[in-house]
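Dear colleague,

Please find below the sequence and structure that I am handing over to you. My notes on the salt bridges follow.

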Amino acid sequence: MDTDPTRLFLGAVLFLTVATIATWWGGKHNASEPPSLGGSMISNTYQYMTDMHGFLQRVSSAQLKSRIVKFRLGPKKIYMVSGEKNIQAINRPSHSISPDVFFIDVMANVWGAKTEELASFAADKSGRSKNQITGHEVKPGQARLWHGQHHVYSEYLQRTDHANALSDKYMELFNQRLTNQPLGEWREVSLSEFFHREMAEAALVALMGSRIVELNPDFWPAMWEFARLAPRLMWGLPRWMSPKPWKIRSEFHGMCRRYLDAGDREFDWDGPDVDAEWEPLYGSRMARELIAWSKNHLSPETTAGMVATFVFGTNANSVPMSLWAMMELIADPELYRAVREECLAASSVDLVTGKRTFDPQSLLSKPLLQSVYIETLRLHISINVTREVTQPINLDGHLLTPGSLIQAPSQIGQYNEAVWGTSEYPAAQFWAGRHLKHDGGKAEFTMAGKTSSFFPFGGGPSICPGRVFAKQEILMTIAALVTRFEIEMIDWVHPDGSKSDRPPQNDQSHIGAVGIPPDRDMKIRWKRVW
C-alpha cells in the first residue's frame with residue numbers, strides 16, 4: 001500500500017522544518033524581490049507535493065499581477081516565472097542561471113547516483129556544448145561530463161540518419177504487432193491496454209533491444225509503477241517517510257541491472273555489431289553509445305538507474321500522448337477521416353507485395369496531423385522547467401538571489417487563455433484546428449508568436465534530447481492505426497472496465513513532472529483492413 005498521507009505530511013513537516021532552520025536564509029525582506037505567493041512554507045510545500053494542479057492554479061492567479069512570484073519549498077526559495085521575455089531569458093545560455101541542479105537531483109534521487117559521482121558532475125561547469133564556457137574550462141585530464149552525455153543524445157537521437165533509423169525500427173516492430181490483429185474481423189479492445197502493451201514494447205525494443213524484457217517477465221508492471229512513483233522520488237524525502245517509491249526504484253533498477261550484466265557477458269565490443277544501427281542485445285546505436293559512455297564515468301548501479309530513468313522518460317511521454325490523440329480522433333469520426341486522408345496521401349503501396357509504407361518527411365509535414373500533435377502536447381504535458389540562480393540576476397525588474405531556483409510551469413503558458421483561447425474554443429478545450437491558418441482554402445500549420453508559451457520538452461541547452469524521435473514515433477503510430485483499422489467507439493470506461501459517466505480528464509497526480517495520462521479508458525471495436 002502507499003504511504004499513509006497523514007504520516008507523509010507529518011514526516012514532511014518535521015523534515016522540512018528542521019532543514020529550513022538549518023539553512024534559514026534570514027535577513028530583511030529585499031524590496032526588489034518578486035512578491036510572495038502567500039501561504040506558509042509548510043502549507044505551500046504540502047500542496048506542492050500532493051496537489052500540483054491546485055498549486056499551479058494559485059500560481060497562475062498570482063501571476064496575473066506579477067509574472068514572477070516566490071515561495072518556499074522547505075529550505076529552498078523558488079521563483080515561479082511566466083511571460084515570453086522571462087521564458088526566453090531562462091532558456092538562453094547564461095553565467096547566472098544553470099539547468100544542472102535539476103539533473104543532479106534526478107541523478108541523486110531517481111538514478112541513485114553515488115555522492116562522488118554527483119560531486120564530479122557538480123564540479124563540471126564547462127557546459128553541454130562543444131565550446132566550453134569561458135572561465136569554466138575543465139582541467140587537463142578532467143572529463144567534460146555534461147558535454148559527453150549531451151553529445152551521445154544529440155548525435156544518436158537527433159541527427160537525421162540515426163533518428164530515421166530508430167523510427168524505421170520502431171515502425172517495423174509496431175507493424176508486426178498490428179499484423180497480429182486478425183484481418184477483416186471486428187474485435188473489442190481496451191485502447192489504453194493496447195498502447196501500454198504494444199506501443200510501449202515496440203518503442204522499448206527499438207531503443208533498448210529485446211533482452212531487457214526477456215530477462216524480466218514482470219518488466220511492464222514494474223516499469224509503469226516506477227513511472228507513477230518516480231516524481232515522488234524527486235522530492236528527496238527520506239526512505240522512512242515515503243518507503244514505497246524507494247522499494248519500486250530498487251526493484252526496477254534491479255531489472256535494468258540484469259540487462260546491463262547480460263550485455264557485459266554477451267556483447268562483443270570488438271565485433272561487427274558495435275557500429276550497427278540496431279542489434280537485439282542493446283538495441284539502438286544510441287543505447288549502446290550511452291552505455292559505453294557510462295562505463296567510463298558511472299558505477300554499474302548508477303548506470304542501471306540511468307537506464308531505468310531513460311526507459312521511464314521515453315514511455316511515460318510518448319505512450320500517453322499517442323493514447324490521448326487517438327481518443328480524440330476516434331471520438332470525432334469526421335476528424336478521424338480527415339487525418340486518415342492526410343496519412344494516406346503520405347503513403348504509397350508496393351504494386352507487387354501490396355505493402356503500404358509512409359514517407360516520413362511527407363507525413364511529418366501534414367498540417368492537420370501536426371496540429372493534432374501540438375494540441376495534444378499542449379493540453380497533456382506538464383513539466384516545471386527548473387533552473388538554479390548561480391549569480392544575482394535581474395529578471396522582469398526583480399532581483400533573483402543565488403542559491404534559489406527558478407521554475408517555469410509549462411502548464412501555465414500552455415493554458416494561457418490570452419495566447420490560445422478563442423471565443424468558440426477556450427484554451428482548456430481540445431481543438432484540432434487551433435494551429436492551422438487557411439490561405440485560399442488551403443490549410444497551413446503555424447505556431448507563429450506562440451512558441452514562448454509552449455515548451456513541453458523544456459528549453460535551452462537542456463531541452464529534451466528525445467523530442468525528435470518522440471514526434472516521429474507518435475505521428476507514425478497515429479498514421480499506422482488510422483489507415484490500417486476501421487475503429488468505432490463503444491464507451492468511456494474506468495480503468496477496471498466499468499462504464500464511466502464522463503470522458504477522460506488529466507490524471508492530476510502526474511501534473512508538473514511528465515506526460516499526463518488520461519484518468520479514463522476508451523473501449524472500442526476495430527477491424528484491420530490491410
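With which residue does glutamate 279 form a salt bridge? The partner is arginine 288, and the closest N and O atoms of the two lie 3.3 Å apart. Glutamate 279 and arginine 288 are both buried. Please bear in mind that this is a predicted model.

A further salt bridge joins glutamate 375 to arginine 434, with 2.8 Å between the closest N and O atoms. This pair links distant parts of the chain, as 59 residues separate the two. Glutamate 375 belongs to helix 17 (residues 367-380), while arginine 434 sits in the loop between helix 19 (417-420) and strand 13 (436-439). Glutamate 375 is buried, and arginine 434 is buried as well.

The pair of lysine 499 and aspartate 491 also forms a salt bridge, its closest N and O atoms being 3.7 Å apart. Lysine 499 has a relative accessible area of 62% and therefore counts as exposed, the cut-off being over 50%. Aspartate 491 is classed as partly exposed because its relative accessible area is 23%, which falls between the limits of 20% and 50%.

Salt bridges also link several residues into a network, namely Arg177, Glu193, Arg197, Glu198 and Glu201. For the structure as a whole, the count comes to 32 salt bridges; the pairs described above, including glutamate 375 with arginine 434, are among them.

With kind regards

Definitions and conventions. Residues numbered from 1 in each chain as written. Predicted model: local features only at pLDDT ≥ 70, side-chain atom pairs only at ≥ 80, totals over all residues. Heavy atoms only, no water. Salt bridge = Lys/Arg side-chain N within 4 Å of Asp/Glu carboxyl O. Buried < 20%, exposed > 50% of the residue type's maximum accessible area, 1.4 Å probe, protein only. Helix = DSSP H or I, 4+ residues; strand = E, 2+ residues; numbered from the N terminus.
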